[in-house]
Amino acid sequence: MNNGLLLFLGILAAMMSSWFGFVHTPQVQFGNLLPERDEITGATFPSPRSGSANRGRAIYRENGCASCHTQQVRQEGYDFSVSVSDFGTNTVDVSSVLAGLSESYTQGSPLPAVPYKLAEGVDLREAEQTVKKLSNAGAAARALISVSGSDIERGWGIRRTVGSDYLLDAEVMLGSVRIGPDLANLGNRNSDSNWHYVHLFQPRQVVEDSVMPSYAYLFDKRPVNGVPDADALRYDGELVTDAEGRQVIPRNTAKDLVAYLLSLRLDEPVFEAPAPEQEKKATPSEDAETEASPASSE
Ligand code: HEC
C-alpha cells in the first residue's frame, strides 16, 4: 500500500471538487436570493401564488406533468435598437444628426414619422451613444432591448427564466424533456380556464393530434338529469361528455391544477434578464420591445 496517501488525496480531491461544484457554487449563486419589493408599486417579485395554485403545484407534480413539459425558457442573445418618440422642435440639428446615424435618411428631407426605429442590432454602448446624440439635438429617444433564441421564437416567453423565478417553489419542476411545450409562461399565453379543463379531460377534443394523456380522473362524471349542472364542461357551446354520455365536472384537484397552470407567468421584470415590453394595444407598431434600463451598468 505504498500509494495509500496518493489514493486518499485523489479521492478527497474528487469529493471536494464535486462538493464545490454541486453544493458550494449553487449556494453562492442562489442561496441568498430573496423576494424583491418594488418600492414604487409595492408589488413583490416573484408574486406569491394563491392557496389553490399552490395545491395545484402538488397535483402537477403527482401527475408527472414535468416528464413531458419543461418550465425553463432559454435565450441565446440580446441586442439593442433605438426608438425616437419625438423629434422635438430643433429640426435643423435633428436632421443633421439623423443623417449621420441613419443610412436611409438624407439631411434636409422631412423627418420620418414617429415612433422611428434606427440602429437595430447594436450593443448597449452604441445604442446609448445614439440616444445621447439625438437627445442633445432635442429629440426624445430611448434604447430598446430585444432578445432572441429558439424558445423566444416559439413564443414560450419574452425573456429567459432566472433563479429568482422559482424562489417561492419548494420543489422546482424544471423538467428536461419537451414532448409538450414549455409551460413557464403558460398563464400569459392561454388564460382560458375552460380550455384547460377540456384539454386535461380529453386533449384530443381541443388539439386534434395531441399525444398528451387524458386526466379524466380529475373530473366527476354524472348522468344528466334534465338540465346539465352549471359547472359541467362545455366546449364550443356544446356539453362535453364521456363515452357513456355523462356530463363532466371538474373536481377540486382539477380546479387547483388549472389555478396553478394559470399562475405560471414570466412577465415580471428582473434585473438579470431584462425583458422587452409586452405588446401594448395602443401602439401596435412598437412590437415587444422596451427600455433597456436594468442592463445599463457600466
Ligand atoms: C406524455 C407527455 C405528456 C404528459 C405526461 C403531459 N403532457 Fe401536456 N402536452 C403534451 C403535448 C404533446 C402537448 C401539445 C399538444 C396539446 O396541446 O395537447 C401538451 C400540451 C399541454 C398544454 C398546452 C400548452 C400550450 O402551450 O398550449 C398544457 C397546459 C399541458 N399540456 C398541461 C399538462 C399538464 C398539467 C400535465 C399533467 C397533468 C401534462 N400536460 C402532462 C404532452 C404531455
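**Figure 1. The protein chain as a whole.** Residues 24 or more positions apart account for 72% of the contacts in the protein chain with a separation of 6 or more, a contact being a pair with heavy atoms within 4.5 Å. The model is predicted, and local features need pLDDT of at least 70, side-chain atom pairs count only at pLDDT 80 or more, and totals for chains, interfaces and linings use all residues. Residues are numbered from 1 along each chain as its sequence is written, and side-chain values use heavy atoms, with hydrogens and water left out. The secondary structure comprises nine helices and 10 strands; helices (H or I, at least four residues) and strands (E, at least two) are DSSP runs, numbered from the N terminus. The radius of gyration of the protein chain is 26 Å, well over the 19 Å that the globule rule gives for 298 residues, so the chain is more spread out than a compact globule. This radius is taken over C-alpha atoms, and the globule rule is 2.2 Å times the number of residues to the power 0.38. Along the principal axes, the C-alpha atoms fill a box of roughly 85 × 75 × 40 Å. Of the 298 residues, 35% are buried; buried means under 20% relative accessible area, exposed over 50%, and partly exposed in between (1.4 Å probe, protein chains only).

**Figure 2. The largest pocket and its lining.** About 510 Å³ of space lies in the largest pocket. Of the 27 residues that line this pocket, His69, Pro181, Leu183, His199 and Met212 are the closest to its centre. The elements that give two or more residues to the lining are α6 (186-189), α7 (193-201) and α9 (252-263). Helix α7 provides the largest share, four residues. By type, the lining divides into 17 nonpolar residues, nine polar and one charged. Here Ala, Val, Leu, Ile, Met, Phe, Trp, Tyr, Cys and Pro count as nonpolar, Asp, Glu, Lys and Arg as charged, and the others, Gly among them, as polar. On a 1 Å grid over the protein atoms alone, a pocket is an open set of points where a 1.4 Å probe fits, with protein on both sides within 12 Å along at least five of seven lines, and lining residues have an atom within 4 Å of a point. Grid points are joined across faces, edges and corners, and the volume is the space filled by probe spheres set on the points.

Figure 3. In soluble globular proteins, nonpolar side chains tend to be buried together. The largest nonpolar core has 24 residues, and Tyr60, Leu200, Leu218, Phe219 and Leu233 have the most contacts inside it. Helices α2 (51-62), α7 and α9 each supply at least two residues of this core, and α9 gives the most, with five. Apart from this core lies another, of 19 residues, among them Phe87, Val94, Ala139 and Ile145. A nonpolar core is a set of buried Ala, Val, Leu, Ile, Met, Phe, Trp, Tyr and Cys residues joined through side-chain atoms within 4.5 Å.

Figure 4. Leaving aside neighbours within four places in sequence, Leu233 is in contact with residues including Asn194, Tyr197, Val198, Phe201 and Phe219. His196 is found in helix α7 and is buried, at 4% relative accessibility. With neighbours within four places in sequence again left aside, His196 is in contact with Leu186, Asn190, Val258, Leu261 and Leu262.

**Figure 5. Two cis peptide bonds.** The peptide bond from Phe45 to Pro46 is cis, with omega near -5 degrees. Pro46 is placed in the loop between β2 (44-45) and α2. Val114 and Pro115 are also joined by a cis peptide bond, with omega about -5 degrees. The loop that holds Pro115 runs between α3 (91-101) and β4 (116-122).

Figure 6. Most residues other than glycine have a negative phi, and most peptide bonds are trans. Ala119, although not a glycine, has a positive phi of about 50 degrees. This residue is found in strand β4 and is partly exposed, with a relative accessible area of 23%. Asp236 has a positive phi near 55 degrees. The place of Asp236 is the loop between β7 (234-235) and β8 (238-239), and this residue counts as exposed at 71% relative accessibility.

**Figure 7. The loop position of Pro228.** Pro228 lies in the loop between β6 (219-222) and β7 and is partly exposed, with a relative accessible area of 26%. Beyond its neighbours within four places in sequence, Pro228 is in contact with Arg234, Leu239 and Gln247. The C-alpha atoms of Pro228 and Leu239, 11 residues apart along the chain, are separated by 8.2 Å.
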